Amino acid sequence: MAQNDKKIEKVVKAEAPKAAAPAAEKKAEVKAEVKAEAKKPAAKKAAAKKPAAKKPAAAKKAPAKKPAAKKTAAKKAPAKKSEKKAELTYEVLFSAFEKKFKGTAVDKNADVSVEVFVYGAFEGKFYLKANEDKKGVLAIKPYDYQNADVAVRASTETVEKISAGKLSIVDAISSGAVEVSGDLTKAFQLKNLAK
């Protein structure tokens, strides 16, 4: 048995390096495979990140173009408004004034008539009458009023500003932009216009 044990020992010693070599090779192969696998997901992740990064950048560029187009359209709109100002006529001015003040409530006992003379770019007249229809409201008509209680003179620009709400009647009178003559105590019956 001792001889057998020695033979076995020699065989094991002789075979051990041979067996160890393939095990070491396998370990090296496994390590190489692990490294290669570790690199593959990193490469896949890097490849996946590049297209993902490009997509949001492209998406951000598209909305930036749309607001620029809206700003351009907004800049064109005021140019059209200035064209309308150039086309200001008596009819347009009267219509704006009437829209702002027609139907304004007045005292039911008020009895006052005001003739408004407009001068400047064109000339024209219209009148205001409290309780013309006996309903406690202001009437506005686009023609002369004979024997008016109060006469008012204002430029087309001033009447346009008043109609647009950019200038109050009180401020227009106090600044001298509107000239008022006649029975001023009756004119105070139209104090609701100043609001």
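A crossing of two helices is left-handed if the near helix is turned anticlockwise from the far one by less than a right angle, and right-handed if clockwise. In this predicted model, helix 2 passes helix 3 in a left-handed crossing. Local features need pLDDT of at least 70, side-chain atom pairs count only at pLDDT 80 or more, and totals for chains, interfaces and linings use all residues. Residues are numbered from 1 along each chain as its sequence is written, and side-chain values use heavy atoms, without hydrogens and water.

The protein chain holds five helices and five strands. These are DSSP runs numbered from the N terminus (helices: H or I, at least four residues; strands: E, at least two).

Helix 2 and helix 3 pack at about 35 degrees, with axes 9 Å apart. Axes are lines fitted to C-alpha atoms, for helices over the stretch in contact, and angles run from 0 to 180 degrees between N-to-C directions. Contact means heavy atoms within 4.5 Å. Helix 2 contributes Leu93, Ala96, Phe97, Lys100 and Phe101, and helix 3 contributes Thr156, Val159, Glu160, Ile162 and Ser163.

Helix 3 spans residues 156–164. Its buried residues (under 20% relative accessible area, 1.4 Å probe, protein chains only) are Thr156, Thr158, Val159, Ile162 and Ser163. They lie on the same side of helix 3 because they cover an arc of only 165 degrees around the axis, taken from the directions from the axis to the C-beta atoms. The face turned away carries Glu157 and Ala164, both exposed (over 50%). Just after helix 3, Gly165 has a positive phi of about 80 degrees.
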